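Good morning, and thank you for coming.

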Amino acid sequence: MLYPTAKLSRFTAKTLVGAVAVAAYVLAGGAPANAQIKIGFQAPLTGFAATDGKSAKIAADMAIEEINNAGGVLGQKLELISYDDQAKSDQAIFTANKLIGEDGVKLVVNASYSASGRAAAPVFQKAGVVMIAAYGVHPEITTTGDFMFRLVHLGPPQGRATALFVSNDLKLKKISAITMDNDYGQATMEGFLGAAQKYGIQVINKYSYSLTDRQFGSIVASVKRDEPDGVYATGYFFTGGPLVAQLRAGGVTAPIIGSQAFDSQKFIEIAGPASEGTYIADSFDRGRNDAALQKFFAEFQKRAGYPPENVAAISYSAVELMADAIKRANSADPPKVRDALAATKNYPLLTGELIGFNSLHEVIMPISVNVVKDGKMKLFAKLGDLSAFAPPEK
Amino acid sequence: MYYIDLAVSGLSFGCMYAMMAVGLTLVYGLLRILHVAHAAIFALGAYITVLVANASGSVGFGLLAAIAVTPLFGMAVYRLLYEPLLSYRPDVPMIASVGLLVLMQDAFRIAFGEQGVTFQHNAYAFRIFDIAGVRVNAVQIAMLVCAIVVFAGLHFFTTHTRIGIGWRATVSRPRIATSFGVDAVRVRYLNFAIGSALAALAGGLVGLLNNLVDPVIGYVVSYKALAIIVLGGLGSVRGTLIASLVLGMVESYGTIFVGTWLNRDAIAFVALIALLMIRPQGFSGARTA
């Protein structure tokens, strides 16, 4: 019990310092002429997840600038107060307390990974702060309480949607299933396996691999023996790339369906010509004829020097959605913003049309499937049967 | 056919492990140091291969550059990190070695990015040979050929050349070798140079096979190689070679029986624990530790 106590006292000390600073500021007569609405922001700017965190930060800064250039919200400018959580639980809790105690933030966009988002959620919930998790997929983020929202599909609904796609669109009956051994890979595969039975898909064999593995010789040999109609694999682009390359090199010609985190230009770079024809479920439809999306692509490329990934797009949309909710609530008061967010209907996210939030504040939106064609991600199908991949309710 | 496919994959894993582990076991034999940072040299070799290959347009040139540069690095690690610590208990240099590994992994991350580097032209990973229905990739063949050449060369070197015989003598009986006029310090440099070059070659080939060199490339092989040298009977080259091939095969064939609920790395470690319980002295027969 020593550790939490130490942490609490450090927190109290920080709050005290913060309070004194605020008091001094007010006494000095420094109330700003143009009041600002503060949006807290957490992302992994250093550490293993820094690539995603930096993209998220660039995108969020872009959103704030554009909103402010267009006159702000309710006559006030938005200010992004951002902290590096290193995608670690302890840093997430520490910076969440800082945001609440020192910065007096009431509305937060958490553009971080599952572990850190899950750790920050209870801190914000307890303080009555609204948090939008841009892409953290841990189920406990939204079950923490009613101030929490999430903008991506959970793993199991993604897997169920994939089963629907495999059965209805590709009409494949016999599947070899390859699972990445982490929360995301397993949860997504569980959704797939559960729904596969319903759609009459026969899963011939299941294989698993660790997050650090890049050599799949024995899995490839086994899949070849299976002679499946198709191969479904969960993983990230850096495992999926070598996997797809090695499956094709080994002579597996059946269609390959990958999970959401395959969706990166880097996947195509790694798998090279072998990536052609790979389907990626719940991916980001980049080619959509949408002025806002194309403008975002151009501007992000200019600022970052590389094209935006899903993470960047969803972080941008999270900030915009928060601003939109403040507008609709006509107030930056957290309970009112929460209610406005919960009432969101047909809001255009860069990643697709958000139909609304369910009772647990999980997204209800269609799922896009991309296919790799001529070295580019192209939209292949849009799954609109929302009941097939409905998120869990409260 | 299935079993032959698995054998091919197991053999190529095994050859890669052997090239990686031989340097490690020799360092242990000579200095009684667990040279954990060897995995960082493996990763360094992979990075040099991919960077030089992309800059020059030639994969072969990339591999050569890795084999040429990493021995210098390996010798510098000995001179600057291990030599000053030799008078301390063996766990002191080992902890320094762990520190170097962590430092280098993060240095790769910072210098070359979290997402890793891919080969711009990697004809080998996508060139497939169909040998009587068994499909083998050019890099897998290269792994096998390299391992055969390397171990045959090492065998010749340590039985037919003066310095090689001196090396072998120093590993097995350091004091007697010194009294016969073998320069122990020169042997150590030689040892780090050759071990590093082999690790770099293995790293470069793994990078080619994956078509990706990322900061965690040395991570799995680092602890697998440690397990291999224990299984091989610490300090024994022959034992290490056998242990590497056994591990490669176990991983590959293990997928048939337990692939559903255990991944390759887990299969490898379950097998290692079982083998060490049956044969704690390892495959080499004699205890050298």
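Let me begin with what we are looking at. This is a predicted model, in which local features need pLDDT of at least 70 and side-chain atom pairs count only at pLDDT 80 or more, while totals for chains, interfaces and linings use all residues. Residues are numbered from 1 along each chain as its sequence is written, and chains are lettered from A and ligands numbered from 1 in the order in which they are written.

First, the domains, whose bounds come from an automatic or database domain assignment. Chain A is divided into domain 1 (1-31), domain 2 (35-153 + 290-361) and domain 3 (155-281 + 368-389). Between the C-alpha centres of domain 2 of chain A and domain 3 of chain A the distance is 29 Å. Their contact involves seven residues of domain 2 of chain A and 10 residues of domain 3 of chain A; two residues are in contact if their C-beta atoms, placed from the backbone, lie within 7 Å. On the side of domain 2 of chain A that touches domain 3 of chain A, there are two nonpolar, four polar and one charged residues. Here Ala, Val, Leu, Ile, Met, Phe, Trp, Tyr, Cys and Pro count as nonpolar, Asp, Glu, Lys and Arg as charged, and the others, Gly among them, as polar.

Now to the sheets. Helices (H or I, at least four residues) and strands (E, at least two) are DSSP runs, numbered from the N terminus. Two strands pair if DSSP finds at least two bridges between them.

Angles run from 0 to 180 degrees between N-to-C directions, and axes are lines fitted to C-alpha atoms, for helices over the stretch in contact.

Please look next at β4 (residues 130-133) of chain A, which pairs with β5(A) in the parallel sense over three bridges. With β3(A), the strand β4(A) pairs in the parallel sense over four bridges. Residue I132(A) has F149(A) as its bridge partner in β5(A), and V109(A) stands opposite I132(A). In a regular strand, side chains alternate between the two faces of the sheet. From β4(A), V130(A) and I132(A) point one way, M131(A) and A133(A) point the other way, and all are buried. A residue is buried if 20 or more other C-beta atoms lie within 10 Å of its own, exposed if 12 or fewer, and partly exposed in between, with C-beta atoms placed from the backbone.

Chain A also has an open sheet of seven strands, in the order β7-β6-β8-β9-β10-β15-β16, with mixed pairing. Its edges are β7 (202-209) and β16 (376-383) of chain A, each with a single partner strand. Here the twist averages 25° from one strand to the next. Six of the seven residues of β6(A) are buried, so this strand is largely enclosed by the rest of the structure. Seven bridges join β6(A) to β7(A) in a parallel arrangement, and I178(A) has Y207(A) as its bridge partner. Helix α7 (residues 183-198) of chain A lies across β6 (174-180), β7 and β8 (230-233) of chain A, at about 160° to β6(A). Further along, β10 (residues 279-281) and β15 (residues 367-373) of chain A pair in the antiparallel sense over three bridges, with Y279(A) opposite V371(A).

Finally, chain B. How many of its residues are in contact with chain A? There are 33 residues of chain B in contact with 33 residues of chain A. On the chain B side, α1(B) gives the most, with six residues. Within α1 of chain B lies G29(B), which counts as buried because it has 23 C-beta neighbours inside 10 Å.
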